[in-house]
Amino acid sequence: MIHSSDASLGEYPMGVQLQFLWFISPPKSSSYWFLRHAHIYQGFGFTGYPVVGFHNRVQASGTCLDSLEDARITTCPWDSRVKGLFFHQTTFSISLSKIKGFIEDVQRLVALEPRALCVLDLYNGILMRYLTTSNAYLGKQEDVLDFDISYYRSKDPMSPRLFEDFLEEVEQLAFFKYGALPHWGKNRNVAFIGAINKYKNADKFLKVKQSYDQLGLFSSEWTDQVLGLKDGLIIVKEGCALEGLCICSEDIHCAPKKGFFCRPGKIYKDARVCTHLSSR
């Protein structure tokens, strides 16, 4: 059984996704209705579980997956052949016992520049949902509020974000001041600094992982890094803080030629963020 706090829909084939959504949503809910009927409208006909297929088939938007050759006018926005949607995400869970302080800190931060979070409205703002404690080894340690933040990101790694410093400070507030748990698939490198140490049963997980995958067939350099098994998670180089490869400690880690310099946070003074300065 897939626990709602331990899975991301994007990691599973359609059949598992449908069953997963049924698990967290009543059969008459809108999400269940949409997925069931999206499958029917694709021409397959719903014949019952399990439904097997790839997750891109469930992301149906009209007939974009099976459109006629029309100069790609009706391609899906996630089609790799076109320059469609491109965004990054910061996703984390904070214990309910700590959530009040986090929200108040973000409110104080936004009060300094009310426009700072407007950029998130391009991608539906901040999605929040409650998740309960899980007995999974890497599950939620207690009841939490989950935050899913999506934002536009230039394909040029040296191009700063709009209100770069505010979004970086929110990120560092969450992970380092309030001990947020990272979503394992929706974060930048900095979110995984010390992440494995936030799980009381991490050692049990690693033992099970080793017993089932002794040859490391289901591991990679990246998974070993985020699990704290291998160095190299943080990459220090020019512009590394812009991509979340590092937390800035020098101006060169930001974009000084574009007016972005490494500075302490505005509310969380232990934060180090890339701040735009009109003049030095």
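I began with the term itself: a salt bridge is a side-chain nitrogen of Lys or Arg within 4 Å of a carboxyl oxygen of Asp or Glu. I kept in mind that I was reading a predicted model, and my search of the whole structure found 11 salt bridges.

I looked up lysine 177 and saw that it forms a salt bridge with aspartate 105, with the closest N and O atoms 2.8 Å apart. Lysine 177 lies in helix α4 (residues 164-177) and aspartate 105 in helix α3, so this pair ties together parts that are 72 residues apart in sequence. I noted that aspartate 105 is buried, at a relative accessible area of 5%, whereas lysine 177 is partly exposed at 41%. I also found Asp105 and Lys177 linked with Arg108 in a network of salt bridges.

Next I turned to lysine 100, which forms a salt bridge with glutamate 104, their closest N and O atoms being 2.6 Å apart. Both sit in helix α3 (residues 99-112), and because they are four residues apart there, about one helical turn separates them. I recorded lysine 100 as exposed, with a relative accessible area of 57%, and glutamate 104 as partly exposed, with 35%.

Last, I checked residues 237-276, which UniProt lists in an unreviewed entry as "domain: L-gulonolactone oxidase 2-like C-terminal". I read this stretch as 0% helix and 25% strand, with its end C-alpha atoms 19 Å apart. I then looked up aspartate 251 and arginine 263, whose side chains meet in a salt bridge at 3.4 Å, N to O. Aspartate 251 is in the loop between α6 (221-226) and β5 (260-264), while arginine 263 is in strand β5, 12 residues apart.

Technical notes: Residues are numbered from 1 along each chain as its sequence is written. This is a predicted model: local features need pLDDT of at least 70, side-chain atom pairs count only at pLDDT 80 or more; totals for chains, interfaces and linings use all residues. Side-chain values use heavy atoms; hydrogens and water are left out. UniProt positions are given in the numbering used here, feature names are shortened, and annotations may be inferred rather than shown by experiment. Helices (H or I, at least four residues) and strands (E, at least two) are DSSP runs, numbered from the N terminus. Buried means under 20% relative accessible area, exposed over 50%, partly exposed in between (1.4 Å probe, protein chains only).
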